[in-house]
Amino acid sequence: MSVTTSLTAVRAGLIDYRDAWDEQRRLHEAVVAGEQGDTVLLLEHPSVYTAGKRTEPWDRPMDGTPVVDVDRGGKITWHGPGQLVGYPIVKLPDPVDVVAYVRRTEQLLIDVCAEFGLTAGRVEGRSGVWVPEDDHGPARKVAAIGIRVARGVTQHGFAINCDCDLSYYDRIVPCGIRDAGTTSLTAELGHPVTVADVLPVVERHLPTLVTLEG
């Protein structure tokens with residue numbers, strides 16, 4: 001049996017990271033209080049680096065590029081134009097199973113990649129969604145995941161690289177991983193895949209976040 005709850009997707013456009021964080025916190029309070037249903041913000045950010053709680057000093061940019069420290073899990077990553085970011089504010093079932101929620105988030109992104117003809121999957125011991133090692137190089141991350149759960153409701157979420165400038169990752173150690181690369185749908189498929197292309201596909205797969213098998 002599968003159980004699905006209603007989910008509202010909000011296309012927020014291009015929005016400053018700190019403004020989006022404020023909106024996440026507002027929505028989080030509303031969902032915790034039962035004043036609003038599960039909501040997913042879908043948006044792009046102007047270029048910004050954000051550092052999760054496990055970020056080490058040597059993961060950060062060495063050129064003085066500003067970094068926003070945040071309360072999600074994980075390490076440092078980049079957000080910017082050409083990357084679709086999703087912030088699900090979702091009440092998890094009791095008892096809360098954070099790992100299961102992360103797996104559902106990964107599956108959503110794997111299914112989105114598959115719709116565009118890209119085979120992606122998980123890498124043992126590493127978060128996010130990856131293109132496996134092949135003739136083009138070692139395993140490389142196409143989508144990142146970093147979440148926080150407070151009072152049973154999620155914050156932060158996922159980011160999938162569509163047609164972003166991958167050189168921004170060269171200034172940092174993305175997610176603290178030194179021996180693997182970062183990629184995008186456009187880079188892997190050899191033709192432009194934009195945020196506008198990916199947005200409706202992600203929306204269609206959002207029920208995966210709140211569908212419980214059992």
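Which residues of the largest nonpolar core touch the most other members? They are Leu84, Ile160, Val198 and Val202, in a core of 33 residues. A nonpolar core here is a set of buried Ala, Val, Leu, Ile, Met, Phe, Trp, Tyr and Cys residues joined through side-chain atoms within 4.5 Å. Buried means under 20% relative accessible area, exposed over 50%, and partly exposed in between (1.4 Å probe, protein chains only).

The model is predicted: local features need pLDDT of at least 70, side-chain atom pairs count only at pLDDT 80 or more, and totals for chains, interfaces and linings use all residues. Residues are numbered from 1 along each chain as its sequence is written, and side-chain values use heavy atoms, without hydrogens or water.

H2 gives the most, seven residues. Helices (H or I, at least four residues) and strands (E, at least two) are DSSP runs, numbered from the N terminus.

Now take Ile160. Leaving out residues up to four places away in sequence, Ile160 touches Gln83, Leu84, Leu109, Val112, Cys113, Val142, Ala143, Leu185 and Val198. Contact means heavy atoms within 4.5 Å. Another core lies apart from the largest one; its 15 residues include Val31, Leu41, Val48 and Val153.

The structure has zero disulfides (pairs of cysteine sulfur atoms within 2.5 Å). Cys113 is buried, at 0% relative accessibility. Its closest cysteine sulfur, in Cys162, is 9.1 Å away, too far for a bond. Cys164 is in no disulfide either, with the sulfur of Cys162 nearest at 7.3 Å. Cys164 is buried at 9% relative accessibility.
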